[in-house]
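Okay, thanks for coming, everyone.

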Amino acid sequence: MTTQGKTKLTYSQCMQSDKSRPIRILHVVGGMNRGGIETWLMHILRKIDRDRVHMDFLVHTVQPCAYDDEIFTLGSQIIPCLYPSRPLQYAHHFKQVLQKQNPYDIVHSHVHYFSGYVLQLAHQAGVPIRIAHSHLDSTLLEAKAGPYRRLYLALMKRWITYYATLGLACSQQAAIDLFGSTWNTNPHRQILQYGINLAPFHKQVDSIATRAEFGIPADAFVVGHIGRFEPQKNHLFLLDIAAEVIQREPNSFFLLVGIGSLHSIIEQKAKQIGLANRCIFAGSRANVPQLMQGAMDAFLLPSISEGLGIVLIEAQAAGLPCIFSDTIPQEADLIQPLIQRLSLTQPAAKWAEVILAQRRMKFKIPRSNILEVLEASPFNIEIAVKQLEKLYQTQFFKEVVV
């Protein structure tokens, strides 16, 4: 194509002219604090071939986040883009980001429904590969949405359908939530399993020292929970379960790891019902594998909804009996003897009985057997990162030859 005697290259031709450079990817997230999505992205960033794939992170905050320093050390950028609740301001900032940075080949959005707007803006900016990634199933939480929220959801889903050149999901339920019940008839929608770093689960952990950090007796029965203090994690019901467990087994403690908007409310509730000395609020922690192996005897996850429940994969890697709600996708069930699902319609007393019965499974399965299963599964980060790198390369070179 020529214009006034000058050759005009398409975006694809520009990419084809420099295949030697890394594929440039902009991940869109709320912020890079410790959470399931963010921790998975950090595993990817550490393991991926950074000479072939360059990853930057567009975030919706200017507050420092837990992974920021490591991201900079690994050669990536944290790029703030503020006011997602103000569409026009956000659009202006988003387009400025894309104009100031070197062209991105891929925008990979992890902000669920809001990905519709993100990918529309990426399309307008000429980004050729636009990925919507579903990490959760919010169906139950959105069931009571008001009319304006329902309108927003319908519009975002429509934009995702139109502007996402590729749709990824961590489970069948997460795929249905974002892409609809017929998602698997679309060749541009697929499941991409998470991967966890299994190396820390091979290490020996000093249980007595780990528990001593929190003032937990060596002979106590400890139920662990890891998750953000947000409505979907169902912490109020978790406290009801804790009360029932402690009534039956007085030498019990609950170790709650995470932060979130409901943290102070849940902590205050624990004090009100007399659990202040038995519920330990550990905050955000970088040493999750150590805590699982050294401090916990069982793992509890009574979530209202989850995209997958990657902490359940980690808990199984640690050899912990896992008691969780039947709303969580079955893709998380890897070591069947460790798994016990319960309905949220069951009373807290029933959950307590199952927890105390299931605790006997700890140490009954050799850890070496568990890790062997996980290492051969798609949930091994070494396998997962290769799958994602191959996906990026396939999408990139498909765009090049168009």
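**A lysine and a strand**

Let's start with lysine 233, which counts as buried because its relative accessibility is 13%; buried here means under 20% relative accessible area, with a 1.4 Å probe and protein chains only. Quick word on where this comes from: it's a predicted model, where local features need pLDDT of at least 70, side-chain atom pairs count only at pLDDT 80 or more, and totals for chains, interfaces and linings use all residues. Residues are numbered from 1 along each chain as its sequence is written, and side-chain values use heavy atoms, with hydrogens and water left out.

So where does lysine 233 sit? You'll find lysine 233 in the loop between S10 and helix H10 (235–248); helices (H or I, at least four residues) and strands (E, at least two) are DSSP runs, numbered from the N terminus. Its side chain makes a polar contact, at 2.6 Å, with the side chain of glutamate 306. By that I mean a pair of N or O atoms within 3.5 Å, where within protein one must be able to donate a hydrogen and the other to accept it, and residues adjacent in sequence count only if both atoms are side-chain atoms.

Now over to strand S13, residues 298–301. Ala298 and Leu300 are buried on one side, Phe299 and Leu301 on the other. In general, side chains in a regular strand alternate between the two faces of the sheet.

Who pairs with S13? S10 (residues 221–226) runs parallel to S13, joined by two bridges, and pairing takes at least two DSSP bridges. Glycine 224 stands opposite phenylalanine 299 there. S14 (residues 322–325) is parallel to S13 too, with three bridges, and leucine 300 stands opposite isoleucine 323.

How values were computed
Buried means under 20% relative accessible area, exposed over 50%, partly exposed in between (1.4 Å probe, protein chains only).
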